[in-house]
Amino acid sequence: MEAINNFLTSTGFYLFTQGDNWKCLVMIAISCVLLFLGIKKKFEPLLLVPIAIGMLVTNLPDAGMYHEILFAGGHVHWDLFQGGVVTPEFIAEMQALGVSDAVLGTVAVGSTVSVGLIDVLYLGIKLGIYPCLIFMGVGSMTDFGPLIANPKSLLLGAAAQLGIFITFIGCRLMGFSGAEASSVGIIGGADGPTAIFVTAMLAPALLGPIAVSAYSYMALVPVIQPPIMKALTTEKERQIVMRPLREVSKKEKIFFPVVVTVFVALLVPSAAPLIACLMLGNLARECGVLDRLSKTMQNELMNIVTIFLGVSVGATATAATFLSPKTLAIMGMGVVAFSFGTAGGVLLAKFMNLFLKEKINPLIGSAGVSAVPMAARVSQKVGQQYNPGNFLLMHAMGPNVAGVIGSAIAAGVLISLFG
């Protein structure tokens, strides 16, 4: 009977009834909602589904796949990874760093931690590996031709980063620390890997809610952007026809990634890992002698890293950290970030038209957020509603890819300031 009793009390069904484990049921319900949005509604399914699965398994009591204590205080505790014993001094140090009692309560003094599968996978995020590899894949799939053909679009991509800094200020006023406000603000770049890269370095405790917020709102770009675009432009402006872009030479496309890598790395060294990987991927695409590597970056590498990234990020969304007032604030400020990012690009395009002989359709400014290529498609769709003969997609791709570079630079600035 004792053996049977021990078995029953060790099951997850029994553990759900103990202490605050009921919160895990709430997190499992949230993960099911994300699965519904990813599978049924097709909102960013390639990432929302792995994130949801990671969230699901990490909130199963005693599953032992992810241990927050190994990364408590924003550091990787290699001694615990290698079978080290949890000491009173370690607990005191973590308390001084502000680690919650809920996290510290998962281990007892004198115990060791059994490293789980996701603990190992999460190192790819904590060490900044996965976001950089994702950028390499993005670079190999991106044509920078529209940006090179119309350099003015670089300004629109920069203006769309307004959402990052407006949200940063708002979060500071709400009581977030500089590092936390930077991590929330970067959601405005509409670039999931960049948001994960910054958050893993500056505010790892917020990685779960920030990743869920970033990818959820990226999926909602076609819903969030059009009302803002229409509110800030007149019907006449939305009908502006832009002439076709000039053809960009192969030599220009090869020089561009090299020049951008050197310039950005010298200007903002903290952004060098992201920019270098982005441009390496693009150079492999354009140089003509690395077709095999380019295809690997676009397909096998991108797919494998996406799985590891999504599951690892989802696993950080534990009940102890996710179910808090800060999570609600992050979700709310995420909308603010996207809205101001969209508005910044549109308003700068309108301002530029005051001085340009050849007018820009302000709708392409909204594509300055780096949700590639979704934001560019939204500009095209809204433009054709008012002028069916207007084709803005390639023009919008200029600010769109500029937004990827802009968000990486903004991330580097924030890391330099608060890292």
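Which helix does Lys-23 lie in? Lys-23 belongs to helix α3 (residues 22-39), where helices (H or I, at least four residues) and strands (E, at least two) are DSSP runs numbered from the N terminus.

## About the model

This is a predicted model, in which local features need pLDDT of at least 70 and side-chain atom pairs count only at pLDDT 80 or more, while totals for chains, interfaces and linings use all residues. Residues are numbered from 1 along each chain as its sequence is written, and side-chain values use heavy atoms, with hydrogens and water left out.

Not counting residues up to four places away in sequence, Lys-23 touches Ala-319 and Leu-323; contact means heavy atoms within 4.5 Å. Lys-23 and Asn-59 are 36 residues apart in sequence, and their C-alpha atoms are 8.7 Å apart in space.

Leu-97 sits in the loop between α6 (88-96) and α7 (101-104). This leucine is partly exposed too, with 47% relative accessibility. From Leu-97 to Ser-294 there are 197 residues in sequence and 43 Å in space, C-alpha to C-alpha.

## A cluster of rings

Searching the whole structure turns up nine aromatic pairs. Rings of Phe, Tyr and Trp (its six-membered ring) pair if their centres lie within 6.5 Å; planes under 30 degrees apart count as stacked, over 60 as edge-to-face and the rest as tilted. One of the pairs is Phe-71 with Phe-81, which is edge-to-face because the planes are at 70°, with the ring centres 5.7 Å apart. Phe-71 is in the loop between α4 (45-58) and α5 (78-81) and Phe-81 is in helix α5, so this pair ties together parts that are 10 residues apart in sequence. Phe-71 is buried, with a relative accessible area of 6%, and Phe-81 is buried at 17%.

Phe-71 also pairs edge-to-face with Tyr-122, at 4.5 Å centre to centre and 75° between the planes. This pair links distant parts of the chain, as Tyr-122 is in helix α8 (residues 117-126), 51 residues from Phe-71. Both Phe-71 and Tyr-122 are buried. Ring pairs join Tyr-66, Phe-71, Trp-78, Phe-81 and Tyr-122 into a cluster.

## A charge over a ring

Elsewhere, Arg-238 lies over the face of Tyr-386, 4.3 Å from the ring centre. A charge sits over a ring if NZ of Lys or CZ of Arg is within 6 Å of the ring centre and within 35 degrees of the ring normal.

## Where α8 meets α9

Two packed helices are described by the angle between their axes and the distance between the axes. The axes of α8 and helix α9 (residues 129-141) come within 4 Å and cross at roughly 65°. Such axes are lines fitted to C-alpha atoms, for helices over the stretch in contact, and angles run from 0 to 180 degrees between N-to-C directions.

On the α8 side the contact is made by Leu-121, Gly-124 and Ile-125, and on the α9 side by Ile-129, Tyr-130 and Pro-131. These residues divide into five nonpolar, one polar and no charged. Ala, Val, Leu, Ile, Met, Phe, Trp, Tyr, Cys and Pro count as nonpolar, Asp, Glu, Lys and Arg as charged, and the others, Gly among them, as polar.

## Helices and their buried sides

Helix α12 (residues 162-173) has 12 residues and reaches 17 Å from its first C-alpha to its last, close to the expected 16 Å. The expected span of a helix is 1.5 Å times one less than its number of residues. Buried residues in α12 include Ile-164, Phe-168 and Cys-171, and the buried residues of this helix pack against α13 (178-185), α22 (325-353) and α24 (393-418). Just after α12 comes Gly-175, with a positive phi of about 100°. In helix α22 we find Thr-327, which is buried with a relative accessible area of 6%.

Helix α19 (residues 272-286) has 15 residues that should span 21 Å, and its end C-alpha atoms are 20 Å apart, which agrees. Among its buried residues are Leu-274, Met-279 and Glu-286. The cover over the buried residues of α19 includes α9, α18 (250-267) and α24. Gly-288 follows α19 and has a positive phi, near 90°. As for α24, this helix is mostly covered, with 19 of its 26 residues buried.

Note on methods:
Buried means under 20% relative accessible area, exposed over 50%, partly exposed in between (1.4 Å probe, protein chains only).
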